[in-house]
Amino acid sequence: MARRVVTSPHPDSNNIQSTQDLGTFIKFERTRQGFVRKEAASLLGISDPTMEALEEGKETTSLSLYLTACHMLGISIAATLHDEKDDI
């Protein structure tokens, strides 16, 4: 029997402001690519519950793990530095 992965809804915004936002992007991209959570966890070398915590945006999950998951799924992370002097 072929597995069927239902794609998660696309995040409302491309503006990531929290670990929850990043977890939402990771889940969206994983499901868009057709991976079940257990498969993605195996590819990352982590447990399924840890993958679930990652996708839920748990703040206790390491930044390193978030970045590794993004890299594995082809999610580009770009930072825009904002200088407070620009606000004057």
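The protein holds four helices and zero strands, where helices (H or I, at least four residues) and strands (E, at least two) are DSSP runs numbered from the N terminus. From the N terminus on, the order of elements reads α-α-α-α. The model is predicted, so local features need pLDDT of at least 70 and side-chain atom pairs count only at pLDDT 80 or more, while totals for chains, interfaces and linings use all residues. Residues are numbered from 1 along each chain as its sequence is written, and side-chain values use heavy atoms, with hydrogens and water left out. Of the 88 residues in the protein, 30% are buried (buried means under 20% relative accessible area, exposed over 50%, partly exposed in between; 1.4 Å probe, protein chains only).

We turn next to the charged pairs. Side chains of opposite charge can pair when their charged atoms come close. The structure holds four salt bridges, each defined as a side-chain nitrogen of Lys or Arg within 4 Å of a carboxyl oxygen of Asp or Glu. One of them joins arginine 30 and glutamate 55 at 2.4 Å, N to O. This pair links distant parts of the chain, with arginine 30 in helix H1 and glutamate 55 in helix H3 (residues 48-56), 25 residues apart. Arginine 30 is buried at 6% relative accessibility, and glutamate 55 is buried at 9%.

Another salt bridge brings arginine 37 and aspartate 48 together at 2.8 Å, N to O. Because arginine 37 lies in helix H2 (residues 37-44) and aspartate 48 in helix H3, the pair ties together parts that are eleven residues apart in sequence. Both partners are partly exposed, arginine 37 at 27% and aspartate 48 at 25%. Within helix H1, glutamate 29 and arginine 32 meet at 2.5 Å, N to O; being three residues apart, they are separated by about one helical turn. Here glutamate 29 is buried at 13%, whereas arginine 32 is partly exposed at 47%.

The largest pocket has a volume of about 270 Å³. Ten residues line this pocket, and the closest to its centre are Asn14, Ile16, Ser76, Ile77 and Ala78. The lining comprises seven nonpolar, three polar and no charged residues. Isoleucine 16 sits in the segment before helix H1 (19-32) and is partly exposed, at 36% relative accessible area. For these terms, a pocket is an open set of points on a 1 Å grid over the protein atoms alone, where a 1.4 Å probe fits, with protein on both sides within 12 Å along at least five of seven lines, and lining residues have an atom within 4 Å of a point.

Methods. Points joined across faces, edges and corners; volume = space filled by probe spheres on them. Nonpolar A, V, L, I, M, F, W, Y, C, P; charged D, E, K, R; others polar.
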